[in-house]
Amino acid sequence: MSLIRIKDATDPGTWGPALDEAVNTISRGQLVVLPTDTVYGIAADAFSPRAVQSLLDAKGRGRQMPPPVLIPDVRTLDGLATDVPDGVRALADAFWPGGLTVIVRAQPSLAWDLGETHGTVALRVPDHRVALALLRRTGPLAVSSANRTGRPASTTAQEAYRQLGAHVPVILDGGVAPGGVASTIVDATGDVLRVVRLGAIDLAALAAVAPVMAPPPAAPAPAPPADGAPADSASPDTAPAGTAPADDAPAGTAPTDSAPAGDGTPEAPAP
């Protein structure tokens, strides 16, 4: 396996050339793989519709599964979102960078196309030094888990290369990503703040900062028809507008880390 596309980004003292190449690649509308505080992600310039479409194509998924957006710090929130509730500001101040994703109304004037977001966007500040160093230079990035849809998320640069190397000119190797715990997602697009998915931050910690409603109870599985025929299943792509689909679970932006993808295959964690 040729590793020429994998750039060492483990040491801040020597990662300058690797980050320079990643920044230049993003500026050309191409894709980069980067480590996050959960798993590796595949990233595109959030303001380049062509780059975002390339990201979706690389993963093998459609526009009905828009990627979340990673940002470098809380100051970027007002540039991308409108009508941000005070509770969201308090939560962001308390938990960013870290395992909190917020779904907010996107600024209507933004020249971007992330897919079928219905006017919302899922935002997070990752707690990873390589990701933050890149984001500070590129600005907001559309980021999804570095895996083909239906396959496990990558926790190393080599795993990401095996799945996506043909689509990605630069892969930043920040060492083994921790994987594991998903971010907690709070939907701020309604009248109240409501948890969409519990993850790295529990409800008590959220409630200590701002009034946040518990996630809605899970719907019971439908009973099979009396004649024994299989019942129609709900659409597997259904998710709150602006969130990432199921393969973007443990890292930061999906309603569930076990919901089926469009092909019925359980999806993996993501940034």
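Arg89 is partly exposed, with a relative accessible area of 31%. In this predicted model, Arg89 forms a salt bridge with Asp78, and the closest N and O atoms are 2.8 Å apart. Asp78 lies in helix 3 (residues 77-80) and Arg89 in helix 4 (residues 86-95), so the pair ties together parts that are 11 residues apart in sequence. Asp78 is partly exposed as well, at 38% relative accessibility.

The structure holds six salt bridges in total. Among them is the pair of Arg63 and Asp113, whose closest N and O atoms lie 3.1 Å apart. Arg63 sits in the loop between helix 2 (49-59) and strand 4 (69-70), and Asp113 in the loop between strand 6 (100-106) and strand 7 (120-124), so this bridge links parts that are 50 residues apart in sequence. Arg63 is partly exposed, at 33% relative accessibility. Asp113 is partly exposed, with a relative accessible area of 29%.

A further salt bridge joins Asp73 to Arg75, with the closest N and O atoms 3.0 Å apart. Asp73 counts as partly exposed at 21%, whereas Arg75 is exposed, with a relative accessible area of 70%.

Ala22 presents a buried site. Its relative accessible area is 0%. Ala22 belongs to helix 1 (residues 16-27). Beyond its neighbours within four places in sequence, Ala22 is in contact with Val32, Leu134, Val170 and Leu172. The C-alpha atoms of Ala22 and Leu34 are separated by 9.1 Å, the two residues being 12 residues apart along the chain.

Technical notes. Residues numbered from 1 in each chain as written. Predicted model: local features only at pLDDT ≥ 70, side-chain atom pairs only at ≥ 80, totals over all residues. Heavy atoms only, no water. Helix = DSSP H or I, 4+ residues; strand = E, 2+ residues; numbered from the N terminus. Buried < 20%, exposed > 50% of the residue type's maximum accessible area, 1.4 Å probe, protein only. Contact = heavy atoms within 4.5 Å. Salt bridge = Lys/Arg side-chain N within 4 Å of Asp/Glu carboxyl O.
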